[in-house]
Amino acid sequence: MRDYRIAVIPGDGIGNEVVPEAIRVLDAAAELTASYRFRYEHFPWGCEYYLKHGAMMAADGLETLRRFDAIFFGAVGFPNVPDHVSLRGLRLPICQGFEQYVCYRPSVLLPGVKSPLAGRRPGEIDFVVVRENTEGEYAGAGGRSHRGLPIEVAVETAIFTRKGVERVVRYAFQLARSRRRRLVSATKSNAQQHAMTLWDEVVEAVSRDFADVATERVLIDALAARFVLAPESLDVVVASNLFGDILTDLGAAICGSMGLAPSGNINPEREYPSMFEPVHGSAPDIVGKGIANPVAQIASGAMMLEFLGETKGAELVSGAVRGVLGEGRALTPDLGGSARTSQVTDAVLAHMRSVAR
Ligand SMILES: NC(=O)c1ccc[n+]([C@@H]2O[C@H](COP(=O)([O-])OP(=O)(O)OC[C@H]3O[C@@H](n4cnc5c(N)ncnc54)[C@H](O)[C@@H]3O)[C@@H](O)[C@H]2O)c1
């Protein structure tokens with residue numbers, strides 16, 4: 001029986017609704033596989049915390065989190081706090097502070113789920129976006145001067161380092177090698193002549209170590225169109241922080257719903273804890289209605305199990321999610337159903353128990 005310490009940060013909005021549901025599933029998987037135990041510590045960080053304390057997390061938050069085996073995160077951001085304050089105060093410091101330089105985001109069209117793209121069948125869309133997660137356009141460099149005056153100026157500087165690009169690109173190539181050996185690099189070096197040419201050069205150099213992986217360089221605008229027109233042609237996509245952020249919402253949308261897409265912020269060297277969360281945000285438009293789809297959070301939990309080496313538990317959870325979606329009986333409104341959040345979880349639990357019996 002392996003013991004793991006898990007830091008739980010539900011955050012804001014529907015994060016508080018879907019995280020407890022996913023924990024029910026993770027605990028059931030622990031019980032059914034009898035191979036691990038999760039010891040949780042909950043942290044109330046987020047916008048409510050900010051309104052009370054003037055900070056999104058405790059001052060020693062990173063030090064505290066460092067001691068955990070993984071972080072299970074909901075979503076951050078709510079209309080009562082400016083988005084740049086909430087994101088920069090909680091999620092980004094964790095990703096950057098813990099060198100979680102790989103944001104791993106699979107897009108898979110699952111059985112029973114309808115893509116908004118005409119004629120796509122389950123299994124036809126199956127790719128992973130590897131998003132650079134610590135620098136690039138979200139590095140946080142820049143400033144504003146002459147606030148409020150007609151001469152006001154704002155500068156947001158993207159920062160690309162050779163080391164930062166190389167480590168994420170190498171990870172993406174390795175991943176492609178374990179999949180269908182095709183890698184697309186998202187670029188914009190026609191217009192962004194400094195950072196993106198460095199990006200291209202690094203991709204080119206690393207590709208020489210992966211001669212068995214077919215590599216393509218695609219401009220981000222054309223790639224956005226290709227996500228819609230030919231998603232079946234994609235296997236692994238490596239992208240900068242901003243490009244990857246945008247592409248993965250598109251990836252979630254073409255696979256049926258924002259409510260299905262999981263995500264991992266990974267420190268591959270395991271020097272720091274990695275963090276698992278859905279791609280979606282706090283969804284203020286549906287908060288409190290009990291209809292948030294818990295699948296993205298549950299699938300993020302399965303990804304966390306996989307990362308921790310609890311393959312049996314991960315497969316049990318992923319199999320149950322596929323089973324429930326395939327049956328089509330317990331679907332939340334985002335998937336055209338009328339089930340409530342907890343009913344989807346109940347169906348996932350029932351499926352797990354029937355398989356494990
Ligand atoms: N990683 C994060 O924490 C993260 C990511 C994106 C946005 N945000 C924040 O979340 C807030 C809302 O942002 P947004 O509206 O642009 O994006 P969002 O992902 O919260 O919502 C977009 C749309 O998807 C729907 N949706 C999202 N998750 C769903 C689920 N599980 N089930 C059913 N429907 C779901 C919402 O109802 C909404 O219509 C903002 O404050 C933003 O900054 C946080």
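Visitor: Which residues does Met352 touch, leaving out those up to four places away in sequence?

Guide: Contact means heavy atoms within 4.5 Å. Met352 touches Val25, Ala28, Ala29, Leu32, Leu316, Val317 and Ala320. This is a predicted model, where local features need pLDDT of at least 70, side-chain atom pairs count only at pLDDT 80 or more, and totals for chains, interfaces and linings use all residues. Residues are numbered from 1 along each chain as its sequence is written, and side-chain values use heavy atoms, leaving out hydrogens and water.

Visitor: Which members of the largest nonpolar core touch the most others?

Guide: A nonpolar core joins buried (under 20% relative accessible area, 1.4 Å probe, protein chains only) Ala, Val, Leu, Ile, Met, Phe, Trp, Tyr and Cys through side-chain atoms within 4.5 Å. Here the largest has 85 residues, and Ile6, Phe38, Phe72, Val130, Leu223, Met304 and Met352 touch the most other members. Another core, of 21 residues, lies apart from it and includes Ala7, Leu65, Phe68 and Val81.

Visitor: What is the strand order in the open sheet?

Guide: Strands are DSSP runs (E, at least two residues), and two pair if DSSP finds at least two bridges. The 10 strands run β2-β1-β3-β12-β11-β4-β5-β10-β8-β9, with mixed pairing. At the edges, β2 (36-42) and β9 (214-219) each pair on one side only. Inside, β1 (residues 2-11) and β3 (residues 70-75) are parallel over 5 bridges, and Ile6 has Ala70 as its bridge partner in β3.

Visitor: Which residues of helix α4 are buried?

Guide: Helices are DSSP runs too (H or I, at least four residues). In α4 the buried ones are Ser86, Leu90, Arg91, Leu92, Ile94 and Cys95.

Key. Buried means under 20% relative accessible area, exposed over 50%, partly exposed in between (1.4 Å probe, protein chains only).
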